Every structure is written in structure tokens, then in C-alpha cells.
Amino acid sequence: MKKNKEKVIFKQVDKTQAVVALGFKTTTLSDKRKFALELLQEVYSDLGSRLFTKIRDDLGLAYYVSSYNFAGVHPGIFAFYAGTSPDQGDKVADEFLHEIDHLTSAGITEEELNRAKSKILGQKKISAQSLGNLAMSAALDDLYELGFDNYYKEIKAFENVTLEEIHSTIHDFFFNKPYVLSFVSPTPTKRPNTQIDYI
């Protein structure tokens with residue numbers, strides 16, 4: 001990643017724990033690549049994910065590690081985030097960046113994709129067992145001009161996402177793209193040669 005594409009934001013808080021997040025601008029609800037991004041979020045939200053295993057289990061740098069994906073009417077965000085001790089924030093940020101480098105060069109595995117599909121599809125089918133959830137989903141989808149029957153379209157869309165589409169989406173949104181690192185911590189980040197915006 002090119003350093004000149006990094007933006008760092010820091011907010012000091014009177015807490016014992018720090019939170020670090022790395023975020024990329026992504027896309028909207030009408031973009032079919034949102035399915036690949038949602039599957040990617042599931043890959044990195046699993047307690048057995050490569051990022052969780054490395055940062056929390058292997059290196060002991062964080063209390064929790066996960067990812068966040070949001071697509072809206074306007075372009076959304078994909079982010080990694082972790083809760084850590086204040087003196088480990090920069091190390092966590094570096095691990096996030098290393099993982100992005102690995103992700104853009106090697107992608108994910110077929111096994112990771114299939115596990116993510118199974119979990120998302122299972123969650124959607126469980127949610128649809130509630131008529132209230134199904135009605136709310138239909139109403140919101142229609143308001144967003146996705147169609148009242150979007151739930152059924154999404155099931156098919158998730159089932160049909162290929163590993164090649166995942167890797168193409170990774171390239172579109174993460175390869176050599178601008179990103180923001182944010183730190184919320186009782187002690188400032190010590191990232192060298194970096195302009196920091198304090199809020």
C-alpha cells in the first residue's frame with residue numbers, strides 16, 4: 001500500500017481500552033458487488049477467521065477483532081476493527097494493513113467462501129421464519145427500489161457468488177485504494193511520518 005493514501009484520525013478518550021479501525025470506501029445497495037463484500041465480512045467476522053486467529057490468538061494484541069460492511073443509498077464502507085490496549089494500537093493497525101496486502105495478493109480460499117455462504121444463507125432462512133422480519137424486509141427493500149421480493153433474489157445472488165467475483169471485488173475496492181485509520185484511545189498513536197487529524 002502506498003503511504004500517501006493513508007489518512008489517520010485520532011480521538012483521545014478517558015478509557016482503559018483503545019479501538020482501532022481501518023476503513024475503505026465501497027459501494028451502494030444497487031451494486032451487485034455488495035454480495036461479495038457481505039461474504040467477505042462474514043469471512044473476517046468468524047471467530048476462526050485468519051485475522052482473529054493471528055491478532056488475538058497468535059499475537060495476543062486484541063480483546064476482539066472483527067469486520068464491518070455497510071452499503072447504502074450512497075457508497076458505504078468496509079472496515080476491520082479491534083479492541084486493544086492503548087500501547088498495542090499501532091501494532092494492530094500494522095496487522096490490518098498486512099492483511100489487506102495479503103488479501104489483495106492472494107484473496108480468500110474456496111473453503112472460506114463456502115463457510116461464509118453457509119452462515120449467511122442459514123441466518124437469512126432463520127430470519128425469514130418470522131413473518132414480522134419478512135414483512136419489514138419487503139417494505140424496506142421496496143422503499144430502496146430493490147423490489148419487495150428482493151429477499152428471494154438475494155438468496156440466489158449469494159448462492160451464485162464465485163471465488164473469481166470475490167477476488168475481482170477485492171481488487172476493485174482494496175487494491176492500492178485510499179483508506180482511513182482511526183484510533184480512539186487514551187494515548188496518541190505514534191505512527192511515524194504520518195499526518196494525524198485530531199478530533
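Glu42, Val43, Asp46, Glu112, Arg115, Ala116 and Lys119 line the largest cavity. H1 and H4 are the elements that give two or more residues to this lining, and H4 puts in the most, with 4 residues. Sorted by class, the lining of the largest cavity holds 5 charged residues, 2 nonpolar ones and no polar ones. The space inside the largest cavity comes to about 40 Å³, and the count of cavities of 30 Å³ or more is 1. All of this refers to a predicted model.

Next come the pockets. Rolling a probe the size of a water molecule over the atoms is what shows where empty space is left. The largest pocket has a volume of about 680 Å³. Its lining takes in 25 residues, and those nearest the centre of the pocket are Glu38, Lys124, Ser137, Asp141 and Glu154. H5 gives the most here, with 6 residues. As for the make-up of this lining, 12 residues are nonpolar, 7 are polar and 6 are charged.

The second largest pocket holds about 170 Å³ of space. Around it sit Lys32, Arg33, Phe35, Ala36, Ala157, Asn160, Val161, Glu165, Ser168, Thr169 and Asp172. Two or more of the lining residues come from each of H1, H6 and helix H7 (163–174), with H7 giving the largest share, 4 residues. By class, the lining of the second largest pocket splits into 4 nonpolar, 3 polar and 4 charged residues.

Now for the strands. In a regular strand the side chains alternate between the two faces of the sheet. Strand E5, which spans residues 179–185, has a covered face made up of Tyr179, Leu181, Phe183 and Ser185. Val180, Ser182 and Val184 make up the uncovered face of E5. Strand E1 (residues 6–12) pairs with E5 in the parallel sense, and 7 bridges link the two. Val8, for one, has Leu181 of E5 as its bridge partner. Strand E2 (residues 18–25) also pairs with E5, but these two run antiparallel and are joined by 5 bridges. In E5, Val180 stands opposite Gly23. Put together, Leu181 on the covered face of E5 is bridged to Val8, while Val180 on the uncovered face has Gly23 across from it.

Last, the aromatic rings. A pair of such rings is described by the distance of the centres and the angle of the planes. Across the whole structure, a search turns up 10 aromatic pairs. Take Phe78 and Phe80: their ring centres are 5.8 Å apart and the planes meet at 85°, so this pair counts as edge-to-face, the cut-off for that label being over 60 degrees. Are these two residues buried or exposed? Phe78 is buried, because its relative accessible area is 1%, under the 20% limit. Phe80 is buried as well, with a relative accessible area of 1%. Both rings belong to one aromatic cluster, formed by Phe24, Tyr44, Phe78, Phe80, Phe96, Phe174 and Tyr179.

Key: Residues are numbered from 1 along each chain as its sequence is written. This is a predicted model: local features need pLDDT of at least 70, side-chain atom pairs count only at pLDDT 80 or more; totals for chains, interfaces and linings use all residues. Side-chain values use heavy atoms; hydrogens and water are left out. On a 1 Å grid over the protein atoms alone, a cavity is a set of points where a 1.4 Å probe fits but cannot get out, and a pocket is an open set with protein on both sides within 12 Å along at least five of seven lines; lining residues have an atom within 4 Å of a point. Grid points are joined across faces, edges and corners, and a volume is the space filled by probe spheres set on the points. Ala, Val, Leu, Ile, Met, Phe, Trp, Tyr, Cys and Pro count as nonpolar, Asp, Glu, Lys and Arg as charged, and the others, Gly among them, as polar. Buried means under 20% relative accessible area, exposed over 50%, partly exposed in between (1.4 Å probe, protein chains only). Two strands pair if DSSP finds at least two bridges between them. Rings of Phe, Tyr and Trp (its six-membered ring) pair if their centres lie within 6.5 Å; planes under 30 degrees apart count as stacked, over 60 as edge-to-face and the rest as tilted.
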